[in-house]
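Take a look at the model below. This report walks through some of its side-chain features.

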Amino acid sequence: MITHQSGTIPFIVLIITIILPVRSDTISLTGNVTTDSTWVSSNNYILNARVTIKAGVTLSIQPGTKIQASSQGSLIIEPNAKIIANGTAQNPITFTTTGNSVAAGQWNGIVLLGNAPVASSQTQIADTPFGGNQTGDSSGILSHVRIWFAGQNQSAALILGGVGNGTTIDSCEVGWSAQHGIDIIGGTINLKRVSSILNQGASFQWNFGHVGENQFLLGVTSRDPAILLQTSSTFNLNGTSTFNLNSTLGFTRIWSSSFVALGNSPLVQVSSGFRGNFGNNIFFGKSTDAWEFQDCSRSQVEISHGNIFWNFDAPITCLDDPEDYNSTFQVENPGIFLPSDSITNLLLTNTTNLLPDPCGISWKFLDAPPNIPGNFYESVSFKGAFGLDYNFLRNFSYLWPFLNSTVLSPCNSTNSTSTSTPTSTSDESSPTEAVSDPTDFSVPGHLIALLAILFILLLLVIIAVVCIFALKRKRRNWTDFLPGHEQKDIIAVPLDDIPE
């Protein structure tokens, strides 16, 4: 009886195992996570209720993982717990809804809590106390993370309560929140390359004595009844807590950022007692006031010469005294372009341009970056969040498919302007599919067809290899293949020796 050559069948099994799709499980999550856990990109995770990462536990999330949430879903990371959500530009981590509509407020959001100082006597969220005296406290990493369609029953899609500067938040986006985008409650957390867009509340809110640094932020907001974006402002800047007016004031520095208000609200609202410093920012709007101070005499805000204000009737308004504020900022067109004051129209075109004119004011009279320990601030040659390219928005942001993707050339450059089309090496990394259905991350049909062709070609190769192995075997009498016949050696006999 003929048997296969050693290793041929295991080889075929191994090849087929490799090319078959990896099993994907849907995992429903509720309650407390009490042991270190890893969420992998091959699974589908659904937050069906509040999920709490308890103190002492680390939650790790692989790049490319998608986490969906039902209407009651939320993720809370307690003080002394950590979340390590370290995505990549090609494979970001996405938190979104289980629903199929493009609408704000379809789930609650993420609450990240720490042990850094908070200027309030009431520091508790979701029955969890937070805050302390550890300025360098770490709650983990959020890098290349997208949080979409949240803000249903909490003040913001992403709440940072007493989070210390040992935590990393870099290259992240919050969008389509029914409340604020990001609410920063005290703490010492620093933000870099963060976009907060299309929210119904403030894009950013700093309050309760926050002390920290911020660079390359983008806030885009509008009041647009067509999609019910009842926006108050791009970001609110609040000073001490109403619970403890004698607490030490915070100090928030915002540098090299772009804030766009398409509605009629003030772009920035500042409450009494806030302290901060602003440099190399672009403030662009179609509203009456850019900045609105409740009490200029009690606020300590430096708006340097490197800031640009454009398209406002009044750059600075003091509600207590219209003549009480002086600054040296520039009022000049930075060269960016928006097609209309409607977010609906904004998302129907690709003419929106947030890149400043390379020959314009955005590349002149820059403020020197703050000289602080740790080298947090990167040196730039432009004002606003973007220079000649979109940097962290490319193939990542919900806005990316609607932006003019032209990469600018430096002023007076002999190089011609190059144009790049939004592309992605991963379906997860490109929000293009998410625009029509933000929850659909299925594999495109052309990719399935390509994989099928490759699969067939690989099978043909395997068959050819098996045939070659068979031809190299010793020749056998064809009768040996019949049932009941054992393999016999074949003896060659000269023709002359065969009897007639």
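The model is predicted.

**Disulfide**

How many disulfides are there? The count comes to one. Cys 359 is joined to Cys 411, with 2.2 Å from S to S. The link is right-handed, with 110 degrees about the S-S bond. Cys 359 lies in the loop between α2 (343–346) and β30 (406–407), and Cys 411 in the loop between β30 and β31 (418–419), so the pair ties together parts that are 52 residues apart in sequence. Another cysteine, Cys 172, is buried, with 7% relative accessibility.

**Nonpolar cores**

The largest nonpolar core has 61 residues. Leu 75, Phe 95, Ile 147, Leu 160, Leu 191 and Trp 291 have the most contacts inside it. Strand β3 (residues 44–53) gives this core its largest share, four residues. Leu 75 touches several residues, among them Trp 39, Leu 47, Phe 95 and Val 111. A second, separate core has 32 residues, including Ile 308, Ile 336, Leu 338 and Tyr 390.

**Aromatic pairs**

The structure holds 19 aromatic pairs. Two of them are set out here.

| Pair | Geometry | Centre to centre | Angle between planes |
|---|---|---|---|
| Phe 204 and Phe 259 | edge-to-face | 6.3 Å | 90 degrees |
| Phe 259 and Phe 283 | stacked | 5.8 Å | 15 degrees |

Phe 204 lies in strand β17 and Phe 259 in strand β21 (residues 258–261), so their pair ties together parts that are 55 residues apart in sequence. Phe 283 lies in strand β24 (residues 282–285), so its pair with Phe 259 ties together parts that are 24 residues apart in sequence. Phe 204 is buried, at 0% relative accessible area. Phe 259 is buried, at 0%. Phe 283 is buried as well, at 0%.

**Polar and charged side chains**

Strand β17 (residues 204–207) also holds Gln 205. Gln 205 is buried, at 9% relative accessibility. Its side chain makes a polar contact with the side chain of Asp 183, at 3.1 Å.

Which ring does the charged end of Arg 146 sit over? That ring belongs to Phe 396, and the distance from its centre is 5.7 Å. Lys 192 lies over the face of Phe 376, at 4.5 Å from the ring centre.

Note on methods: Residues are numbered from 1 along each chain as its sequence is written. This is a predicted model: local features need pLDDT of at least 70, side-chain atom pairs count only at pLDDT 80 or more; totals for chains, interfaces and linings use all residues. Side-chain values use heavy atoms; hydrogens and water are left out. A disulfide is a pair of cysteine sulfur atoms within 2.5 Å. Helices (H or I, at least four residues) and strands (E, at least two) are DSSP runs, numbered from the N terminus. Buried means under 20% relative accessible area, exposed over 50%, partly exposed in between (1.4 Å probe, protein chains only). A polar contact is a pair of N or O atoms within 3.5 Å; within protein, one must be able to donate a hydrogen and the other to accept it, and residues adjacent in sequence count only if both atoms are side-chain atoms. A nonpolar core is a set of buried Ala, Val, Leu, Ile, Met, Phe, Trp, Tyr and Cys residues joined through side-chain atoms within 4.5 Å. Contact means heavy atoms within 4.5 Å. Rings of Phe, Tyr and Trp (its six-membered ring) pair if their centres lie within 6.5 Å; planes under 30 degrees apart count as stacked, over 60 as edge-to-face and the rest as tilted. A charge sits over a ring if NZ of Lys or CZ of Arg is within 6 Å of the ring centre and within 35 degrees of the ring normal. Lists of a residue's contacts leave out its neighbours within four places in sequence.
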